[in-house]
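Dear colleague,

I am handing over the structure below, and after it you will find my notes on what was found. Please read them with the structure open beside you.

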Amino acid sequence: MSTDNSGLFHVQSQLMGMTTAREEFLAGDRPDDIALFLADSYVSDDRLESFGQAVDNGVLLVVDGERGRNAFQAATGKQAMEFAQSAMSLEGVVDSDLTSGRCPDREANDETKAETTASDDTHDPQFIFAFAEEQNDDVGGIYAEGDVVHAYAQCSCGTAYSDRWALQD
């Protein structure tokens with residue numbers, strides 16, 4: 001596991017209003033847990049806030065892996081790892097706060113919009129599923145740089161995409 005960087009994340013999380021569970025997850029301190037973001041536009045259940053953190057555009061939960069996968073399936077109707085596998089084939093950007101991102105189909109639609117009058121195309125994540133993997137020098141590459149967050153998003157346009165990044169000191 002990477003060296004202790006929780007101090008930096010603690011300061012950032014206080015500024016961003018993060019919960020301790022979210023802060024610890026983003027610091028790589030909860031490798032057995034998953035993070036699940038559900039957009040308000042995708043699911044509206046006020047009870048979710050009692051299990052996670054309300055954010056501007058939805059709710060973010062950080063729970064142990066098994067409960068998290070079950071919650072993901074209950075909320076989305078999809079198996080978490082099957083969804084992740086399908087999203088891996090297309091790279092996009094999931095923001096490090098795990099509540100927003102940039103759909104790779106957005107650029108294509110932005111170019112098309114110049115030629116058409118379509119104006120109601122949106123590209124907001126409906127849900128994001130993420131987990132952290134501990135640093136692994138034996139594997140090399142990004143995995144030798146630090147703990148790695150794997151994030152998978154479902155866009156409102158229907159596109160599933162993935163992102164990953166190393167948590168660096």
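In what follows, a residue is called buried when its relative accessible area is under 20%, exposed when that area is over 50%, and partly exposed in between, with a 1.4 Å probe and protein chains only. Helices (H or I, at least four residues) and strands (E, at least two) are DSSP runs numbered from the N terminus. This is a predicted model, in which local features need pLDDT of at least 70 and side-chain atom pairs count only at pLDDT 80 or more, whereas totals for chains, interfaces and linings use all residues. Residues are numbered from 1 along each chain as its sequence is written, and side-chain values use heavy atoms, with hydrogens and water left out.

To begin with the chain as a whole, there are six helices and eight strands, and along the sequence they follow the pattern α-α-β-β-β-α-α-β-β-α-β-α-β-β. Of the 169 residues, 42% count as buried. If contact is taken as heavy atoms within 4.5 Å, then 57% of the contacts between residues at least 6 apart in sequence join residues at least 24 apart.

Turning to the sheet, two strands are said to pair if DSSP finds at least two bridges between them. Six strands form an open sheet in the order E2-E3-E1-E6-E7-E8, with antiparallel pairing. Its edge strands are E2 (53–55) and E8, each of which pairs on one side only. Within the sheet, strand E1 (residues 33–39) and E6 run antiparallel and are joined by five bridges; Leu36 has Phe129 as its bridge partner in E6.

Helix H4 (residues 80–87) has Ala80, Phe83, Ala84 and Ala87 as buried residues. Seen down the axis of H4, these buried residues fall within an arc of 100 degrees (taken from the directions from the helix axis to the C-beta atoms), so they line one face of the helix. Glu82 and Gln85 are exposed, on the face of H4 turned away from its buried side.

Phe127, found in strand E6, is buried, with a relative accessible area of 1%. Not counting residues up to four places away in sequence, Phe127 touches a list of residues that includes Phe37, Leu38, Phe72, Phe83 and Tyr152. The C-alpha atoms of Phe127 and Ser41, which are 86 residues apart along the chain, are separated by 9.7 Å. Ala160 lies in strand E8 and counts as buried at 17% relative accessibility. Leaving aside neighbours within four places in sequence, Ala160 is in contact with Phe83, Ala87, Leu90, Ala153 and Gln154, and its C-alpha atom is separated by 8.8 Å from that of Gly92, 68 residues away along the chain.

Finally, how many disulfides are there? With a disulfide defined as a pair of cysteine sulfur atoms within 2.5 Å, the count comes to zero. The sulfur of Cys103, a buried residue with a relative accessible area of 0%, is 3.7 Å from the closest cysteine sulfur, that of Cys155, which is too far for a bond. Cys155, itself buried at 3% relative accessibility, has its closest cysteine sulfur in Cys157, at 3.6 Å, again too far for a bond.
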